[in-house]
Amino acid sequence: MPRDNDITSSPAVPAPAASPAPEPAGRPSARPRVAVVFGGRSGEHTISCATAAGVLRAIDRERYDVVPVGITRSGKWVRVADDPAALELDDSRPPVEITVEGMGQGELVVALGGGPLTAVTAGGPELLGEVDVVLPLLHGPYGEDGTIQGLLEMLGLPYVGCGVLASAAGMDKQVTKVLLGAAGIETAPHVVVGPHRWAREREQVLAECQSLGYPLFVKPARAGSSLGITRVDAGGDLVAAIEAARLVDPKVLVEAGVVGREVEVAVLAGHGDDAPRVAEPGEIVMDAAHGAGEFYDYETKYLAHEAVQMVCPARTTPQERELLMSTAARAFEALGGEGLMRVDFFLTADGRALVNEVNTMPGFTPFSMYPYMWQVSGLGYTELVTELIELALERPTDVNR
């Protein structure tokens, strides 16, 4: 859940040298072949493209062959030109969108059992070759929720990031809370507003929500980038906030407001049986004078660029730092995480660390918080991409676990 915490102070990553066109025989070199998949059907389509632009610039072309693959909003898979600049967010042009007629260079045929990719173009079928590993840079539904992970398991293709169960659980904020609670990890008090209860027991649901006390935060249970989230300070606004969230997801969470600093922690899977690795925590500091909203909402994340400062390492005591890092590792393991995860906290004045949410495919541009935290911790952007690909290549698929 994407460019939600971009960092303007991170050094730029140089563009790669142009990669050679794939040879018809399927594998032009002995290097592992990486399909970088982005776009998708969710509301975070454009953010996913921006993430892909950063990765395409940074991926080690001496070590890997790269096949960029876009997914349109309607779900079609298309071959896309290896051109990061065309995918970047740019205020001078409309939001980037993958289309068959525009960026697409032929719809893809993906063979079950790990067969070669084929692009169906106006000139006929064009073999793109076999793929060794997939880097699914997709945010939100149909990408971060276990759906594409299940497809890749069926295809027998290794992929970067969490598996089916962890992805689905991490996408659903209620399920995340249930699993974290079972592991003894604290989250904000909440009420689940499902479609059936909302239809049959509206007054009871509203009473339960109001018992949490104001302010309340109403959010879709399965969405990212703060889409559909509303802060509610009075009872008269609660129904409208729930209805707004239901437009994004029929399942809604109403949470008690937590007074605390917003701190994030990046987690990276260990090798084999090693414990997860944890980067230095980073803190989100908002400046209302430069346009920050009442909370870290969509407008603050994407439109008020000067309103948010990312501080890493976060200004914490040794005890707070240890609590944040150890809890992040515990959350990663409680959800069965693999590859990467960003764990977002509220750090309260009395030293409690409440998990706000987890992101199994966090924003991953060169200026996003997840890679920035690792950079501060000594692992550069290109090295981080390499590490994630190698972790994916060495782990078995769900079928063989």
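**Reading a predicted fold, feature by feature**

Mentor: Start with one pair. A polar atom of the His-45 side chain sits 2.9 Å from the backbone nitrogen of Ile-98. Keep in mind that this model is predicted.

Trainee: Where does His-45 sit, and is it buried or exposed?

Mentor: His-45 belongs to helix α1, residues 45-58. Burial is read from relative accessible area, with under 20% counting as buried. His-45 has 0%, so it is buried.

Trainee: Which residues does His-45 touch, beyond those up to four places away in sequence?

Mentor: They are Gly-39, Gly-40, Ile-71, Thr-72, Arg-73, Val-96, Glu-97 and Ile-98.

Trainee: Let's take cores, then. What is the general idea?

Mentor: In soluble globular proteins, nonpolar side chains tend to be buried together. Here the largest nonpolar core has 67 residues. Leu-87, Val-343 and Phe-364 have the most contacts inside it. Helix α11, residues 381-394, gives the largest share, seven residues. Domain 1 (33-160) and domain 2 (170-187 + 259-360) each supply at least three.

Trainee: What does Val-343 contact, leaving aside neighbours within four places in sequence?

Mentor: Val-263, Glu-264, Val-265, Val-267, Ala-328, Ala-331, Val-355, Glu-357 and Val-358.

Trainee: Why is helix α10 described as largely enclosed?

Mentor: Count its buried residues. Six of the eight in α10, residues 369-376, are buried, so the rest of the structure largely encloses it. The six are Met-369, Tyr-370, Pro-371, Tyr-372, Met-373 and Trp-374. Their cover includes α11 and the strands β12 (261-268), β13 (277-278), β14 (282-286), β15 (308-311) and β16 (340-347). Just after α10, Gly-378 takes a positive phi of about 105°.

Trainee: Which residue other than glycine has a positive phi?

Mentor: Tyr-142 is one, with phi near 65°. Tyr-142 lies in the loop between β7 (133-136) and α2 (147-155). Its relative accessibility is 43%, so it counts as partly exposed.

Trainee: Now peptide bonds. Where are cis bonds found here?

Mentor: Look at omega. Tyr-214 and Pro-215 are joined by a cis bond, with omega about 5°. Pro-215 is in the loop between α6 (202-210) and β9 (216-220). Cys-312 and Pro-313 share another cis bond, with omega about 0°. Pro-313 lies in the loop between β15 and α9 (318-334).

Trainee: Step back. How many helices and strands does the protein have?

Mentor: There are 11 helices and 17 strands. Of the 401 residues, 53% are buried. Among contacts with a separation of 6 or more, 69% come from residues 24 or more positions apart. The protein exposes about 16,500 Å², and carbon and sulfur atoms supply 54% of that.

Definitions and conventions: Residues are numbered from 1 along each chain as its sequence is written. This is a predicted model: local features need pLDDT of at least 70, side-chain atom pairs count only at pLDDT 80 or more; totals for chains, interfaces and linings use all residues. Side-chain values use heavy atoms; hydrogens and water are left out. A nonpolar core is a set of buried Ala, Val, Leu, Ile, Met, Phe, Trp, Tyr and Cys residues joined through side-chain atoms within 4.5 Å. Buried means under 20% relative accessible area, exposed over 50%, partly exposed in between (1.4 Å probe, protein chains only). Helices (H or I, at least four residues) and strands (E, at least two) are DSSP runs, numbered from the N terminus. Domain bounds come from an automatic or database domain assignment. Contact means heavy atoms within 4.5 Å. Accessible areas come from the Shrake-Rupley method with a 1.4 Å probe; for residues, only the protein chains shown count as cover. A polar contact is a pair of N or O atoms within 3.5 Å; within protein, one must be able to donate a hydrogen and the other to accept it, and residues adjacent in sequence count only if both atoms are side-chain atoms.
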